[in-house]
Amino acid sequence: MDLVSLQNVLDNSSFAILFLTMLTYWVGVAFPKLPYLGMVGTTGMAIANLCIAGLLGARWLEAGYFPISNLYESLFFLAWGITGVHLIAETLSRSRLVGAVTAPVAMGITAFATLTLPQTMQVSEPLVPALKSNWLMMHVSVMMLSYATLMVGSLMAIAFLVVTRGQEIELHGSSVGTGSFRDMKRPENQPQPNPQPSFNAFNSQQGGVATLERPQTLTLSPQRLNLADTLDNVSYRIIGLGFPLLTIGIIAGAVWANEAWGTYWSWDPKETWAAITWLVFAAYLHARITRGWQGRRPAVLAAGGFVVVWVCYLGVNLLGKGLHSYGWFF
């Protein structure tokens, strides 16, 4: 079997394995008492990761350069990164819900690359002059790994919002700062105060009435609260890993741009959205580290960051051409 045929087998195999893995995770979430489904899902993600790694390796041998120069290759590299970071997140959280949200994204990426892209975009071609540089591996690979890591962290935040149903809850999370749980923690022997009703009085001349209002009580089970706490912590840690990668990738890209185009920053659409992505996740980490944010507010910010990452990676190529528009439909 030649390398081209091997690539065709591996890209179709990775799609099929991720599709079956996604169904396995969904069934495991719907029926949590079924044994071994979590282990089957983890095994499927690991096999898919190896298949994609084999695909990229075979393409590297065939083309003679690091396989991340066009949309097809970058999509599979992104899927490889997501499946790899998924294994880390699942190990930290020990929850099937991680695969329930990451497997569909990885499967969708491989499906788009395998089934949607024209065949002419799936073959290896000689590098354009601007990409014939050692910075190709350094800059693009680190950026793609940062995208994959930030996506998985953001997906954990979205899962947190689903688990908590959008309610504000107090978490024993890992954020530290002026507003963190650690600063507000009570002694173990001190009982929690009972919620007191608040008196809401209206002026009788305006036709109002006096009412008693009690705080709304949460209806989440202890298991769901524990899962929410875990997802919040894992999301924070994964995003904390992806943000330095994004920073290093942007710096490497600036150095490469200066070598190739004579300027560190040209406000190309991709560069602009990379800066926006950096600011969004910098705000997320700032809010958690210095302000002690936990729970719903940073999760909403991270969920917005998921959209921003996709716009930075793929959307700017739809909105207009720029210096980074290699390998798109136009």
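Helices (H or I, at least four residues) and strands (E, at least two) are taken here as DSSP runs and numbered from the N terminus. This tour goes through a predicted model, in which local features need pLDDT of at least 70 and side-chain atom pairs count only at pLDDT 80 or more, while totals for chains, interfaces and linings use all residues. Residues are numbered from 1 along each chain as its sequence is written, and side-chain values use heavy atoms, with hydrogens and water left out.

**The whole chain**

Begin with the protein chain coloured by secondary structure: nine helices and two strands are present, and along the sequence they follow the pattern α-α-α-α-α-α-β-β-α-α-α. Of the 330 residues, 45% count as buried, where buried means under 20% relative accessible area, exposed means over 50%, and partly exposed lies in between (1.4 Å probe, protein chains only). If a contact is taken as heavy atoms within 4.5 Å, then 79% of the contacts between residues at least 6 apart in sequence join residues at least 24 apart.

Next, colour by pLDDT, the predictor's confidence in each residue on a scale from 0 to 100. The mean for the protein chain is 79, and 77% of its residues reach 70 or more. Confidence is highest in helix 3 (residues 71–93), at a mean of 92, and lowest in strand 2 (residues 211–213), at 38. Where pLDDT is low, the predicted coordinates should not be read in detail.

**Two loops with positive phi**

Select Tyr36, in the loop between helix 1 and helix 2; its phi is near 70°, a positive value in a residue other than glycine, and at 61% relative accessibility Tyr36 counts as exposed. Then move to Arg94, in the loop between helix 3 and helix 4, where phi is near 55° and again positive in a residue other than glycine. Arg94 is exposed too, with a relative accessible area of 76%. Most residues other than glycine have a negative phi.

**The nonpolar core**

Now select Leu78, Ile82, Met144, Tyr147 and Tyr313, the residues with the most contacts inside the largest nonpolar core, which has 73 residues. A nonpolar core is a set of buried Ala, Val, Leu, Ile, Met, Phe, Trp, Tyr and Cys residues joined through side-chain atoms within 4.5 Å. Among the elements that give two or more residues to this core are helix 2 (37–63), helix 4 (97–116), helix 8 (269–289) and helix 9 (296–319), and helix 5 gives the most, with 15 residues.

Centre the view on Tyr313, which, not counting residues up to four places away in sequence, touches Leu71, Ser74, Leu75, Leu78, Met144, Tyr147 and Lys270. From there step to Ser74, which lies in helix 3 and counts as buried because its relative accessibility is 7%. Leaving aside neighbours within four places in sequence, Ser74 is in contact with Ile68, Met144 and Tyr313.

**Aromatic rings**

Show the rings of Phe, Tyr and Trp (its six-membered ring), which pair if their centres lie within 6.5 Å, with planes under 30 degrees apart counted as stacked, over 60 as edge-to-face and the rest as tilted. Eight aromatic pairs are found in the whole structure. One of them joins Phe15 and Phe19, a tilted pair with 6.5 Å from centre to centre and 35° between the planes. Because Phe15 and Phe19 are four residues apart in helix 1 (residues 3–30), about one helical turn separates them; Phe19 counts as partly exposed, at 36% relative accessibility. Select also Trp60, Phe66, Phe77 and Trp80, which form one aromatic cluster.

At Tyr236, the charged end of Arg288 sits over the ring, 4.4 Å from its centre; this label requires NZ of Lys or CZ of Arg within 6 Å of the ring centre and within 35 degrees of the ring normal.

**Last stops**

Trp256 lies in helix 7 (residues 222–261) and counts as buried at 10% relative accessibility. Select Ser133 with it: Trp256 and Ser133 are 123 residues apart in sequence but 8.4 Å apart in space, C-alpha to C-alpha.

Finally, show the cysteines: a search of the whole structure finds zero disulfides, a disulfide being a pair of cysteine sulfur atoms within 2.5 Å. Cys51 counts as buried at 13% relative accessibility, and Cys312 counts as buried at 0%.
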